[in-house]
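Me: I have a structure open here and would like to go through it with you. Can we start with what holds the chains together?

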Amino acid sequence: MDQDNRIGDTLLEVKNISLSFGGVKALTDISFDIKEGEIRAIIGPNGAGKSSMLNVINGFYHPQEGEVWFRGKKRESMKPYQVARQGVARTFQNIALFKGMSTLDNLMTGCITHMKTNIFLQAIWKGPAEREELEFRERVEHIIDFLGIQAIRKTPVGRLPYGMQKRVELGRALAAQPKLLLLDEPMAGMNLEEKEDMSRFILDVNDEFGTTITLIEHDIGVVMDLSDRIVVLDYGCKLADGTPDVVRNDQAVIDAYLGVSHDD
Amino acid sequence: MFYRESGDFKTNYADDQQSFPIKLDRYAVWVLLAFAFFVVPFFINDYWEKSVLVPFLVWSMAALGLNILTGYCGQVSLGTGGFMAVGAYSCYKLMIAFPGLNIFFVVILAGIITAIVGIAFGLPSLRIKGFYLAVATLASQFFLIWMFNKIPWFYNYSSSGMITAPERTMFGIAISGPSAPSWATYLFCLTLVTIFAFIARNLTRGRIGRAWKSIHDMDIAAEIIGIPPLQAKLSAFAVSSFYIGMSGAMLFGVYLGSAEPGEAFGIDKSFLVLFMVIIGGLGSILGSFLGAAFLILVPVLMKNIMVGAFGWPADLAAHLELLFIGALIMFFLVVEPHGLAQLWRMTKEKLRLWPFPH
Ligand SMILES: Nc1ncnc2c1ncn2[C@@H]1O[C@H](COP(=O)(O)OP(=O)(O)OP(=O)(O)O)[C@@H](O)[C@H]1O
Ligand SMILES: [Mg+2]
């Protein structure tokens with residue numbers, strides 16, 4: 001019921017995306033949309049093209065065919081940093097933190113697209129640069145509290161355990177205050193407790209900040225619980241798209257996941 | 001009194017992110033600066049100026065510059081000598097063209113010119129990385145030295161091919177030229193290096209420094225969170241070259257007085273500064289100073305001991321010195337890649353717990 005006023009217009013739409021690497025077709029004619037405020041999942045077996053799909057959305061891969069529409073406008077070919085500056089943040093399947101920097105510095109770097117003072121003001125520091133720094137420090141401290149990572153604020157992230165790194169990476173993405181947050185297997189390799197924590201963070205982010213989230217996840221139970229709608233990919237093609245209930249009962253999806261042969 | 005941070009609580013974020021978060025460090029820095037500015041000038045003599053203090057300051061400036069590029073932004077450069085030459089020749093041409101210009105501004109302008117040249121030579125860094133970038137910067141080193149040798153306009157068609165710094169003043173006191181007093185050249189260099197060390201600290205702790213560090217750690221991730229890689233790398237090249245250009249201008253204008261490009265700014269100087277940064281500590285402002293101090297002072301010390309005290313022949317001492325420095329560089333690369341600055345940090349860490357290690 002609150003579902004209806006939480007979810008708004010289309011935020012992002014991909015139309016007929018095809019992507020191949022040499023002879024390998026990673027994505028074939030994929031179309032779907034992501035609505036403002038929803039949690040959208042992409043699932044599928046290994047090598048289905050899920051990560052490639054996120055890479056297309058954030059401008060890291062450039063598809064041979066198809067269009068990406070963001071906030072009602074067709075997006076021309078863009079560099080990843082330009083996409084980030086439009087309000088798209090993401091985390092990676094293999095964590096991509098700045099390992100030599102502290103948790104705090106990683107999160108502060110996440111804010112970088114919003115920081116404006118020029119190099120001369122930075123050189124002087126006192127005045128605008130320091131004020132800006134403190135303003136964003138405040139924002140970052142909120143995220144640190146939210147994620148419960150106060151104790152590792154000053155620790156170089158390379159020294160943190162895997163689960164914590166995943167959390168810091170989420171924090172860095174949140175620091176950008178994105179409109180669209182892309183999470184590539186945020187719970188991979190986590191134990192049950194860590195998965196529960198992460199699920200709660202995802203729901204809270206969506207709920208409190210109204211952030212639209214697109215996530216890839218292998219744990220079907222988690223996906224069914226979290227998401228509003230699910231896209232299923234297999235061998236680069238779209239198998240199904242809909243609410244968890246629809247997807248769960250889709251024959252093609254069941255076959256793909258159970259490996260049932262199609263010849264009967 | 002113990003050296004410690006307990007009891008030194010931070011109650012707001014401004015205190016937490018200052019340059020020297022521990023009170024005792026803060027005092028130590030101020031005491032050191034006060035000593036350098038208000039005591040040393042009264043006691044400095046020609047030997048201390050020429051052999052120890054001024055070279056230390058000049059090479060600290062160069063090490064700060066290279067540390068910004070290599071230590072913070074992760075772009076290895078072997079072109080430092082060439083960029084110092086750009087600073088030196090800019091300094092020379094500016095001195096000749098504007099005889100009335102205060103030497104302080106001459107050095108700053110020489111830095112700015114070098115920054116522009118640095119941006120041009122930094123352009124390939126978008127495409128090439130690591131070892132290949134090092135080779136490209138090596139090419140720029142040779143190209144620049146060749147250019148300053150070959151084009152007579154740079155050395156005003158002098159028959160020797162050398163450039164010689166005329167006397168230039170600040171507040172009526174000679175800073176360059178043969179009659180400049182020791183205390184004046186020392187204070188001039190000290191002032192510049194102090195100002196720009198604080199600026200380097202400010203740049204590296206804020207937005208721009210984090211952009212550089214993130215490029216260093218993982219350039220793809222940096223781009224994906226919204227950092228334009230070209231802009232970040234070129235700004236590092238610009239700032240770094242600015243510092244290196246100033247150090248070249250100081251080396252030529254204030255310290256050497258005259259220079260020949262291959263001799264004063266050869267490839268050995270590029271390596272010297274790189275070793276300073278490695279030994280001192282990559283990505284550390286303090287490390288730039290420690291590295292410069294080490295590589296300037298250790299040779300002076302060794303020479304004094306071997307030649308002065310033991311009476312060994314000077315060329316034997318020079319060879320032993322090279323061996324020793326070479327061994328040290330290997331030691332640091334293998335055992336402590338974060339350099340003297342890290343050793344210093346660890347010592348403080350221990351002191352902080354002392355005398356109760358648990
Ligand atoms: N940069 C690349 N170069 C060549 N092939 C690629 C590249 N990126 C992806 N592929 C190929 O595209 C296909 C889809 O890969 P992708 O990483 O998108 O799968 P995925 O659904 O994320 O799988 P997983 O669940 O294992 O993460 C695979 O066959 C992969 O080998
Ligand atoms: Mg993947």
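Reply: This is a predicted model. Across the interface of chain A and chain B, eight residue pairs are in polar contact, with both residues of each pair at pLDDT 80 or more.

Me: Which helices of chain A supply at least two residues each to the side that touches chain B?

Reply: They are α3 (80-85), α4 (103-110), α5 (119-124) and α6 (128-147) of chain A. The largest share of that side comes from α6(A), with six residues.

Me: And by class, what is on the side of chain A that touches chain B?

Reply: That side has 17 nonpolar, eight polar and 13 charged residues.

Me: How many salt bridges does the rule find across the interface?

Reply: Three between chain A and chain B. A salt bridge joins B:R210 to A:E133, and their closest N and O atoms are 3.1 Å apart.

Me: How many residues does each chain put into the contact?

Reply: Chain A gives 38 residues and chain B gives 28 residues.

Me: What about the area buried between chain A and chain B?

Reply: About 2900 Å² is buried between the two chains, and carbon and sulfur atoms give 65% of that.

Me: Changing topic: what is the strand order in the open sheet of chain A?

Reply: The order is β2-β1-β4-β5, four strands with antiparallel pairing. The edge strands are β2 and β5 (73-74) of chain A, each of which pairs on one side only.

Me: How many bridges are there between β1 and β2 of chain A?

Reply: Eight, in the antiparallel sense, between β1 (residues 10-21) and β2 (residues 24-35) of chain A. The two strands form a hairpin with two residues between them, and A:G22 in the turn has a positive phi of about 55°.

Me: And how many bridges between β1(A) and β4?

Reply: β1(A) pairs with β4 (residues 65-70) of chain A over five bridges, antiparallel again.

Me: Which residues are the bridge partners of A:L12?

Reply: In β2(A) the partner is A:I34, and in β4(A) the partner of A:L12 is A:F70.

Me: Helix or strand over residues 50-69 of chain B?

Reply: Residues 50-69 of chain B are 100% helix and 0% strand, with the end C-alpha atoms 28 Å apart. Residues 234-256 of chain B are also 100% helix and 0% strand, and the end C-alpha atoms of that span lie 30 Å apart.

Key: Residues are numbered from 1 along each chain as its sequence is written. Chains are lettered from A and ligands numbered from 1 in the order in which they are written. This is a predicted model: local features need pLDDT of at least 70, side-chain atom pairs count only at pLDDT 80 or more; totals for chains, interfaces and linings use all residues. Side-chain values use heavy atoms; hydrogens and water are left out. Two strands pair if DSSP finds at least two bridges between them. Contact means heavy atoms within 4.5 Å. Buried area is the accessible area (1.4 Å probe) that two parts lose on being put together, summed over both. A salt bridge is a side-chain nitrogen of Lys or Arg within 4 Å of a carboxyl oxygen of Asp or Glu. A polar contact is a pair of N or O atoms within 3.5 Å; within protein, one must be able to donate a hydrogen and the other to accept it, and residues adjacent in sequence count only if both atoms are side-chain atoms. Ala, Val, Leu, Ile, Met, Phe, Trp, Tyr, Cys and Pro count as nonpolar, Asp, Glu, Lys and Arg as charged, and the others, Gly among them, as polar.
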